[in-house]
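Trainee: I have a new model open and would enjoy walking through it with you. Could we take it one topic at a time?

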Amino acid sequence: MEVIYTDKKEFTKEQLKSLFESVNWFSANYPDKLFTALNNCETVFTAWVDGELAGLINAIDDGALTAYVHYLLVNPKYQKTGIGKRLTVMLKEKYKDYLCIALSAENPPLVNYYENLGFEKAEGATYMRILNK
């Protein structure tokens with residue numbers, strides 16, 4: 001399986017919707033907003049297999065200190081092939097001079113996955129949000 005990685009934002013709304021649906025993320029219900037959001041992000045790396053959007057990572061940064069990973073997702077049929085790890089390596093390389101790369105993991109399997117990629121739990125941190133529906 002050949003995987004092509006790029007930092008070009010050459011995805012369509014339909015490709016994003018399909019990828020986000022594959023992992024059951026509610027963002028898939030808002031393809032127009034998702035497309036706009038990702039096109040406005042400072043950093044988006046994608047992985048492609050035979051023309052299919054197989055994985056994606058994105059970050060929002062402040063230009064010097066902190067980058068926030070918002071999405072890291074891989075279509076389940078391509079999980080456990082190293083795509084998520086490679087996307088994370090690309091992101092870590094881009095932000096190697098920043099003081100912090102932060103993300104939120106909401107369930108134990110994801111926490112373990114991110115720890116294996118080099119992330120550490122922030123002592124005393126609590127994930128918080130305002131969800132406008």
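Mentor: Gladly! Let us settle one term before we start: a residue is buried when its relative accessible area is under 20%, exposed when that value is over 50%, and partly exposed in between. Keep in mind that this is a predicted model.

Trainee: Then let me try the term out on tyrosine 95: is tyrosine 95 buried or exposed?

Mentor: The cut-off for burial is under 20%. Tyrosine 95 has a relative accessible area of 1%, so it is buried.

Trainee: What is the angle between the ring planes in the aromatic pair of phenylalanine 11 and phenylalanine 35?

Mentor: The structure holds 7 aromatic pairs. In the pair you ask about, the rings of phenylalanine 11 and phenylalanine 35 are 6.2 Å apart, centre to centre. Planes over 60 degrees apart count as edge-to-face, and this pair is edge-to-face, with an angle of 90°.

Trainee: How many residues apart are phenylalanine 11 and phenylalanine 35?

Mentor: Phenylalanine 11 belongs to the loop between strand S1 (4–6) and helix H1 (13–22), while phenylalanine 35 is in helix H2 (residues 31–40).

Trainee: Which residue of S3 does threonine 46 stand opposite?

Mentor: Strand S2 (residues 43–49) and S3 run antiparallel and are joined by 7 bridges. They form a hairpin with 2 residues between them, and aspartate 50 in the turn has a positive phi of about 50°. Across the pairing, threonine 46 faces leucine 56.

Trainee: And on the S4 side, which residue stands opposite isoleucine 60?

Mentor: S3 pairs with strand S4 (residues 66–74) in the antiparallel sense, over 7 bridges. Their hairpin has 4 residues between the strands, with glycine 63 at a positive phi near 90°. The residue in S4 opposite isoleucine 60 is tyrosine 68.

Trainee: Positive phi again! What is the phi of lysine 80?

Mentor: Most residues other than glycine have a negative phi. Lysine 80 lies in the loop between S4 and H3, and is exposed with a relative accessible area of 86%. Asparagine 24, in the loop between H1 and H2, is another non-glycine residue with a positive phi, of about 60°; for lysine 80 the value is near 70°.

Trainee: Now the pockets. Which element gives the most to the lining of the largest pocket?

Mentor: The largest pocket has about 1,500 Å³ of space. It is lined by 40 residues, and those nearest its centre are Trp25, His70, Tyr71, Leu72 and Glu106. H2, S4, helix H3 (83–94) and helix H4 (108–116) are the elements that give two or more residues to that lining. The biggest contribution, 7 residues, comes from S4.

Trainee: Last one: how many charged residues are in the lining of the second largest pocket?

Mentor: The second largest pocket has about 600 Å³ of space. Of its 20 lining residues, Leu103, Phe119, Glu120, Lys121 and Ala122 are the closest to its centre. Sorted by class, the lining has 12 nonpolar and 3 polar residues, and the charged ones number 5.

Notes
Residues numbered from 1 in each chain as written. Predicted model: local features only at pLDDT ≥ 70, side-chain atom pairs only at ≥ 80, totals over all residues. Heavy atoms only, no water. Pairing = 2+ DSSP bridges. Phe/Tyr/Trp six-rings, centres within 6.5 Å; stacked < 30°, edge-to-face > 60°. Buried < 20%, exposed > 50% of the residue type's maximum accessible area, 1.4 Å probe, protein only. 1 Å grid on protein atoms, 1.4 Å probe; cavity = no way out; pocket = protein on both sides within 12 Å on 5 of 7 lines; lining within 4 Å. Points joined across faces, edges and corners; volume = space filled by probe spheres on them. Nonpolar A, V, L, I, M, F, W, Y, C, P; charged D, E, K, R; others polar.
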